Amino acid sequence: MNLRSLNSADNVLILGHHNADPDAICSMIAFKEIYQNLHPDAVINMACDDISKLSTHVLDIFAPDETILSEISGQYDLVVLLDTNSLSQLGSLVENLALNPENTLIIDHHEESEEAANIASTRWIQSDISSTCEMMVTLYVDSEVSISPRVANLLLTGILFDTRRFFYAGVTTFDSTCKLIDAGAKYKKCVQSLIVRPERSERIARLKAASRLTVYTIDEWIIVTSKIGAYEASACRGIIDLGADVAIVGGRPSQNKVRISSRSTSHFSRSTGINLGLDVMAPLGELIGGQGGGHQNAAGANGVKNRSEALKQAVELIRQKLQEGTSENQTVP
Ligand SMILES: [Mn+2]
């Protein structure tokens, strides 16, 4: 895509999805810079409903002077959606957004949504690319604008984040990375910008959770429970890193509150088909006097009572599911 062939706009708004990750934030700044380069008089704003903690860290390191708005008002003659192509991903920004498809541009690497064609008449959506930041590199090349060292660092950081440091990389990932390093990106600094050490209180919580483990072995699986005051989700991730297949941690954020968090490895959920949200946390809701739910590998429940019972019950639910799975397998001819 060549930006030079686009009509010039005086008032530009660049949008990223809610809880904007480094891929979204870094491509937004890269787009701002290339557009400003081509149209020095344009007024360009960037906005997101909110920004992830990690993105804030990346911004502090590479672009501390950039302002990302969390509210929008007024009229724009070009609206650019980056790293998303659906309105629901914009969060509360949608409320004050009057979109004219003729003046809207989408650049994204997620699957194209059904509404995308109604949102923007100009779209570049390519779901086989690993990150929006890679698409930004192509945009600079096609538009014949050179990449500044600052933008090179931002784009490489966005790529590292979305590809999980090249785990989900494609050919364009490496091609873009070489171009960015040529343009002045510092690989080591980009990698380090994505590492944020948890707060001291969170690290203590993880360590306490690890000192109070109950380990269950069911068939080949290692299911682990623990109790902690807060940071249950972080404690679960820590316990998975230690070697559990499933971690279930009960928190008590205040006297009359119980919060259960759970995580499983993708190997566990793929092999057993157990969905922590549907099969474990949803049924626990009643026992703790609240509600539960979530995803396949990450789920939780909030309530008011029975924390210890809930942890035991969670393990029982998993044991039952595993047994059902085994008997089902045996009946298959
Ligand atoms: Mn992305």
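## Nonpolar cores

In this predicted model, the largest nonpolar core has 54 residues. Those with the most contacts inside this core are Ile14, Phe31, Tyr35, Ile107 and Leu180. Helix H1 (residues 22-38) gives the most to the core, with ten residues. Beyond its neighbours within four places in sequence, tyrosine 35 is in contact with Leu3, Asn7, Ser8, Ala9, Val12, Ala42, Ile44 and Leu78.

A second core is separate and has 23 residues. Among them are Phe268, Leu276, Leu311 and Val315.

## Domains

The protein chain is divided into domain 1, residues 3-193, and domain 2, residues 201-331. Their C-alpha centres lie 37 Å apart.

## Manganese site

The manganese ion is coordinated by Asp23 (OD), Asp83 (OD), His109 (NE2) and Asp162 (OD), at 2.1 to 2.3 Å. Along the chain, these donors follow the spacing D-x59-D-x25-H-x52-D. Histidine 109 lies in the loop between strand S4 (104-108) and helix H3 (116-119), while aspartate 162 is in helix H5 (residues 149-162), so the pair ties together parts that are 53 residues apart in sequence.

Histidine 109 has a relative accessible area of 10% and is buried. Aspartate 162 is also buried, with a relative accessible area of 19%, where the cut-off for buried is under 20%.

## The six-stranded sheet

Six strands form an open sheet with mixed pairing, in the order S6-S7-S8-S9-S11-S10. Strand S6 (214-218) and S10 stand at the edges with a single partner strand each, so one side of each is left without a neighbour in the sheet. From one strand to the next, the twist averages 15°.

Strand S7 (residues 221-228) pairs with strand S8 (residues 246-251) in the parallel sense, over six bridges. In this pairing, threonine 225 stands opposite isoleucine 248 in S8. Strands S10 (residues 291-294) and S11 (residues 298-303) pair in the antiparallel sense over four bridges, and a hairpin of three residues joins S10 to S11. The bridge partner of glycine 292 is alanine 301 in S11.

## Helices on the sheet

Helix H9 (residues 232-242) packs on the sheet, where it touches S7, S8 and strand S9 (258-264). The direction of H9 makes about 150° with that of S8. Helix H11 (residues 276-287) lies across S8, S9, S10 and S11. Relative to S10, helix H11 runs at about 170°.

Note on methods
Residues are numbered from 1 along each chain as its sequence is written. This is a predicted model: local features need pLDDT of at least 70, side-chain atom pairs count only at pLDDT 80 or more; totals for chains, interfaces and linings use all residues. Side-chain values use heavy atoms; hydrogens and water are left out. Two strands pair if DSSP finds at least two bridges between them. Helices (H or I, at least four residues) and strands (E, at least two) are DSSP runs, numbered from the N terminus. Domain bounds come from an automatic or database domain assignment. Donors are N, O and S atoms within 2.8 Å of the metal (3.2 Å for Na, K and Ca); water is not among the atoms, so sites may look incomplete. Buried means under 20% relative accessible area, exposed over 50%, partly exposed in between (1.4 Å probe, protein chains only). A nonpolar core is a set of buried Ala, Val, Leu, Ile, Met, Phe, Trp, Tyr and Cys residues joined through side-chain atoms within 4.5 Å. Contact means heavy atoms within 4.5 Å. Axes are lines fitted to C-alpha atoms, for helices over the stretch in contact, and angles run from 0 to 180 degrees between N-to-C directions.
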